[in-house]
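Welcome! Let's get to know a protein chain by working through a few exercises together.

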Amino acid sequence: MAASEREHDGQICLCIEASLPLRYLWRNLLRNEPIESVIDDRALTMFGKQRVWDTEHNNGVLIYMLLAEHEIDILADRALAKRVPAETWRRTIDAALAHFRREGSKTD
């Protein structure tokens, strides 16, 4: 962790939720909004609630994990969004999900 902190001045916030609040689930169930869209909206809400955008250099990152849906979303503030392509975040999410699925399928 210390080595990583010496290489950048970005602020990372990890937000883990067991499940979506009911008001978000209803959007999927009653209004037929795609669950991916609902999850993206929840991650954006948490980005604001956690004040990830409130960094001196606009370089905050929110890693949002939704356990019930086995989903991860990464949101980057303006300065990082300009420097890190969306595909990089997508590859990071895909790798993390693959790892979690492998580890979760192991039996002791």
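The model is predicted, so local features need pLDDT of at least 70 and side-chain atom pairs count only at pLDDT 80 or more, while totals for chains, interfaces and linings use all residues. Residues are numbered from 1 along each chain as its sequence is written, and side-chain values use heavy atoms, with hydrogens and water left out.

**Exercise 1. The overall plan**

Task: Find how many helices and strands there are in the chain, and give their order.

Solution: 
- Step 1. Helices (H or I, at least four residues) and strands (E, at least two) are DSSP runs, numbered from the N terminus.
- Step 2. Counting them gives 5 helices and 3 strands.
- Step 3. Read from the N terminus, the order is α-β-α-α-β-β-α-α.
- Step 4. Of the 108 residues, 31% are buried; buried means under 20% relative accessible area, exposed over 50%, and partly exposed in between (1.4 Å probe, protein chains only).

**Exercise 2. The nonpolar cores**

Solution: 
- Step 1. A nonpolar core is a set of buried Ala, Val, Leu, Ile, Met, Phe, Trp, Tyr and Cys residues joined through side-chain atoms within 4.5 Å.
- Step 2. The largest such core has 15 residues, and L20, I39, L62 and Y64 have the most contacts inside it.
- Step 3. Helix 3 provides the largest share, 6 residues.
- Step 4. Now zoom in on L62: not counting residues up to four places away in sequence, L62 touches C13, C15, A43, M46, F47, V52, D73, I74 and L75. Contact here means heavy atoms within 4.5 Å.
- Step 5. There is also a second, separate core of 9 residues, with V61, I72, I74 and L97 among them.
- Step 6. For background, in soluble globular proteins nonpolar side chains tend to be buried together.

**Exercise 3. A tryptophan in helix 5**

Task: Decide whether W89 is buried or exposed, and list its contacts beyond four places in sequence.

Solution: 
- Step 1. Locate W89 in helix 5 (residues 86–105).
- Step 2. W89 counts as buried because its relative accessibility is 19%.
- Step 3. Leaving aside neighbours within four places in sequence, W89 is in contact with V61, I74, A76 and V84.
- Step 4. Take A76 from that list: W89 and A76 are 13 residues apart in sequence, and their C-alpha atoms are 9.0 Å apart in space.

**Exercise 4. Charges that meet**

Task: Trace the partners of R27, then examine the pair R90 and D94.

Solution: 
- Step 1. R27 sits in helix 2 (residues 22–29), and R27 is buried because its relative accessible area is 14%.
- Step 2. A salt bridge is a side-chain nitrogen of Lys or Arg within 4 Å of a carboxyl oxygen of Asp or Glu. The structure holds 7 of these salt bridges.
- Step 3. One of them joins E33 and R27, whose closest N and O atoms are 3.0 Å apart. Both E33 and R27 are buried.
- Step 4. The side chains of R27 and D41 are joined by a polar contact of 2.6 Å. Such a contact is a pair of N or O atoms within 3.5 Å; within protein, one must be able to donate a hydrogen and the other to accept it, and residues adjacent in sequence count only if both atoms are side-chain atoms.
- Step 5. R90 forms a salt bridge with D94, with the closest N and O atoms 2.9 Å apart. Both residues lie in helix 5, 4 residues apart, about one turn of the helix.
- Step 6. R90 is partly exposed because its relative accessibility is 38%, and D94 is partly exposed with a relative accessible area of 39%.
- Step 7. Returning to R27, salt bridges that share partners join R27, R31, E33 and D41 into one network.
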